[in-house]
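Morning, everyone. Let me put the structure up, and then I'll walk you through a few places in it.

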Amino acid sequence: SSGSAQANPEQHDIQYLTPIQIGTPPQTVNVDFDSGSSDLWVFSSETPADSIKGQAVYDPKKSKTAEEVKGASWEITYGDKSSSSGVVYRDAVTVGNITVKGQAVEAATTVSAQFTRDANNDGLFGLAFSALNTVHPKQELTWFDHAAKELDHPVWTADLKYHKAGTYDFGVINKSKYAGKISYIDVDSSNGFWMFNMSGYSVGNSTFKPAQFQGIADTGTTLALLPAQVVKDYYKAVSGAKIDYFQGGYVFPCNAKLPNFVLGVGQAKVSIPGKYVNYAPIDVAGKTCFGGIQSDDDVGFSIIGDVALKAAFVVFDATAGKPRLGWASK
Ligand SMILES: Cc1cc(CN)n(C)n1
């Protein structure tokens with residue numbers, strides 16, 4: 001089997017939301033597909049009313065196929081300090097036209113303020129490796145790990161786009177979505193992430209600078225978070241750019257000419273158009289803008305988020321024992 005689902009951007013492409021169906025009859029929720037985590041959790045009938053501000057909720061009591069996973073619970077904190085926790089049900093979950101029966105659906109009983117404020121986001125759909133799933137005492141598998149057995153190929157692809165809808169495909173690599181060859185690089189999944197090595201970078205028309213650093217492909221992170229020195233090199237080429245400690249990163253005049261940024265990934269060159277690096281204005285006048293490339297604050301690896309991913313067609317290949325990432329232009 002294979003299937004496809006929409007990746008719908010929220011304002012400034014801060015995140016991409018995908019409709020999925022849970023339960024019988026189907027309850028549709030819009031969730032954030034996140035290759036940087038491995039829990040499928042949703043706002044639910046068990047989320048306190050004062051923590052819900054417009055989100056759709058999953059109500060297991062209205063699903064004939066829901067079963068409570070007795071004694072199971074979960075709790076998660078993300079890189080941006082947002083967090084949630086709750087209880088666990090098993091139910092049918094459909095993405096595109098692919099249904100997994102008995103998927104662990106984690107119903108939130110607490111959500112942090114960032115999630116409450118995020119009115120259109122009904123939950124997270126983890127697509128990192130199942131080793132990161134937080135359900136205890138018995139860890140659960142991701143939807144993709146359940147689905148992979150039925151898929152024509154154990155792969156899924158991300159075709160995110162700048163300020164417009166893209167797609168996530170499962171079980172198929174759709175040739176109409178990319179140009180040229182797909183260049184594959186090995187993944188080190190030992191930390192549960194889609195982690196890979198980068199070989200260097202270039203800013204604008206400058207020569208390519210070899211640099212060895214690793215990063216994770218993270219569809220749930222908005223920006224491209226790179227080593228501080230790389231980021232400093234980039235903004236040296238942007239007149240008026242400076243670090244705004246109140247905003248927490250590099251800002252520049254919104255009318256600044258932003259150079260393209262090229263990331264070396266194995267044999268591939270991922271070219272991020274300068275306009276993707278103009279993330280969003282920080283003031284109502286639209287005078288000062290926040291950069292889409294920021295420092296990874298030396299967390300030990302870079303986080304290749306949506307600002308970079310939307311510049312490529314990315315294959316998340318989970319072939320047993322040999323996970324890989326494929327990169328293609330489009
Ligand atoms: C909710 C959420 C997901 C992610 C990326 N894994 N972040 C940084 N925040």
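Start at the ligand. One of its nitrogen atoms is 3.2 Å from an N or O atom in the side chain of Asp218. That is a polar contact, meaning a pair of N or O atoms within 3.5 Å; within protein, one must be able to donate a hydrogen and the other to accept it, and residues adjacent in sequence count only if both atoms are side-chain atoms. Asp34 puts a polar side-chain atom 2.9 Å from a ligand nitrogen. The residues around the ligand are Asp34, Gly36, Tyr78, Asp80, Ser82, Phe115, Asp218, Gly220 and Thr221. Near here means that a heavy atom of the residue lies within 4 Å of the molecule or strand.

A word on the model. It is predicted: local features need pLDDT of at least 70, side-chain atom pairs count only at pLDDT 80 or more, and totals for chains, interfaces and linings use all residues. Residues are numbered from 1 along each chain as its sequence is written, and side-chain values use heavy atoms, with hydrogens and water left out.

Next, Ser35. Where does Ser35 sit? In the loop between strand E3 (27-34) and strand E4 (40-42). Helices (H or I, at least four residues) and strands (E, at least two) are DSSP runs, numbered from the N terminus. Buried or exposed? Ser35 has a relative accessible area of 1%, so it is buried. The cut-offs: buried is under 20% relative accessible area, exposed over 50%, partly exposed in between, with a 1.4 Å probe and protein chains only. The Ser35 side chain reaches the backbone oxygen of Ala217 at 2.7 Å. Beyond its neighbours within four places in sequence, Ser35 has contacts (heavy atoms within 4.5 Å) that include Trp156, Trp194, Asp218 and Phe316.

Now the aromatics. Rings of Phe, Tyr and Trp (its six-membered ring) pair if their centres lie within 6.5 Å; planes under 30 degrees apart are stacked, over 60 edge-to-face, the rest tilted. How many aromatic pairs does that rule give? The count is 24. Take Phe33 and Tyr168: centres 5.0 Å apart, planes at 25°, so they are stacked. Phe33 is in strand E3 and Tyr168 in strand E10 (residues 164-170), 135 residues apart. Phe33 is buried at 0%. Tyr168 is buried at 0% as well. For a tilted pair, look at Phe193 and Phe301, with centres 5.7 Å apart and planes at 45°. Both Phe193 and Phe301 are buried.

One aromatic cluster includes Phe33, Trp156, Tyr168, Phe170, Trp194 and Phe316.

On to the cores. A nonpolar core is a set of buried Ala, Val, Leu, Ile, Met, Phe, Trp, Tyr and Cys residues joined through side-chain atoms within 4.5 Å. The largest has 84 residues; Phe125, Trp143, Phe170, Phe261, Leu325 and Trp327 touch the most other members. Its largest share, five residues, comes from E12. A second, separate core of 14 residues includes Tyr78, Ala104, Ala108 and Phe115. Tyr78 and Phe115 are also among the residues surrounding the ligand.

Last stop: Gln229. Gln229 is in helix H3 (residues 228-236). At 46% relative accessible area, Gln229 is partly exposed. Gln229 and Pro154 are 75 residues apart in sequence and 37 Å apart in space, C-alpha to C-alpha.
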